[in-house]
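Reader: I would like to go through this model step by step. Please show me the chain before we start.

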Amino acid sequence: MIRIVILTLFLFLGSCSAVQKQMVNLSHSPYSWQIVDSPEAPTPIRVSQAITIFYRQWEKTFGDKEGRIKKNLDQLMIEWSSEEKAHETVVRNKKGQIVITRKIVKGATLCPTYVWLKTNQYKRVFASSLVHELVHVALWTQVCRGGDPDHEQGYPPCWTTQHNKFIRHVNKILLQLDI
Ligand SMILES: [Zn+2]
């Protein structure tokens, strides 16, 4: 039998807009939840199945010593948002001037147990950045501080082409299963 929802909490967050947010348990663990602010987020069943598939594939491909990644996935909080999020980077150029770059992001891993994601009309995990963010979670848990936010650039190299291949592989499985 499929366990749908253990507990549903209604939260009113945000002092200005008072958007109604709902916190729903993810059935793979009693300590894993998702927060939604619109019906556009994938269902908790799909998200839970996606996390389970991700973990099985990760363990098979990269391993999980002492089950630390599993532990974080079992305590994961995923926030789905219909509002865009911007990421700003501040760097100094060769002339010594400060350059601020503002980029709209589809997902962000804020810590190894908190992932933020932008919703879209498809309501499916494979159409979102969840698998990409879970790679950040896994890398952050294992060795890379911050989950290697610059991906394949920078040093030390954590995120490799193998991880990009892995994301495509997992999303393909999710697509086939309509998750
Ligand atoms: Zn990333």
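**Questions on a predicted chain**

Reader: In which strand is the place of Ile-98?
Author: This is a predicted model, in which local features need pLDDT of at least 70, side-chain atom pairs count only at pLDDT 80 or more, and totals for chains, interfaces and linings use all residues. Residues are numbered from 1 along each chain as its sequence is written. Helices (H or I, at least four residues) and strands (E, at least two) are DSSP runs, numbered from the N terminus. Residues 98–105 form the strand that holds Ile-98, namely β6.

Reader: Is Ile-98 buried or exposed?
Author: A residue is buried if 20 or more other C-beta atoms, placed from the backbone, lie within 10 Å of its own, exposed if 12 or fewer, and partly exposed in between. Ile-98 has 8 other C-beta atoms within 10 Å, so Ile-98 is exposed.

Reader: Is Leu-174 buried or exposed?
Author: Leu-174 lies in helix α4. Within 10 Å there are 22 other C-beta atoms, and therefore Leu-174 is buried.

Reader: What separation do the C-alpha atoms of Leu-174 and Ile-53 have?
Author: Leu-174 touches Ile-53 and Val-125, among others, not counting residues up to four places away in sequence; a contact means C-beta atoms, placed from the backbone, within 7 Å. Leu-174 and Ile-53 are 121 residues apart along the chain, yet their C-alpha atoms are separated by 8.2 Å.

Reader: Are α1 and α4 parallel or oblique to each other?
Author: Axes are lines fitted to C-alpha atoms, for helices over the stretch in contact, and angles run from 0 to 180 degrees between N-to-C directions. Angles under 35 degrees count as roughly parallel, over 145 as roughly antiparallel, 65 to 115 as roughly perpendicular and the rest as oblique. The axes of α1 (residues 44–61) and α4 (residues 161–176) come within 10 Å and cross at roughly 140 degrees. The two helices α1 and α4 are therefore oblique.

Reader: How many nonpolar residues has the contact of α1 with α4?
Author: The α1 side includes Ala-50 and Phe-54, and the α4 side includes His-169 and Ile-173. Ala, Val, Leu, Ile, Met, Phe, Trp, Tyr, Cys and Pro count as nonpolar, Asp, Glu, Lys and Arg as charged, and the others, Gly among them, as polar. The contact has no charged residues, three polar ones and, as nonpolar residues, seven.

Reader: Over which residues does pLDDT stay under 50?
Author: pLDDT is the predictor's confidence in each residue, from 0 to 100. The chain averages 89. Where pLDDT is low, the predicted coordinates should not be read in detail. The stretch under 50 is residues 1–15.

Conventions. Two residues are in contact if their C-beta atoms, placed from the backbone, lie within 7 Å.
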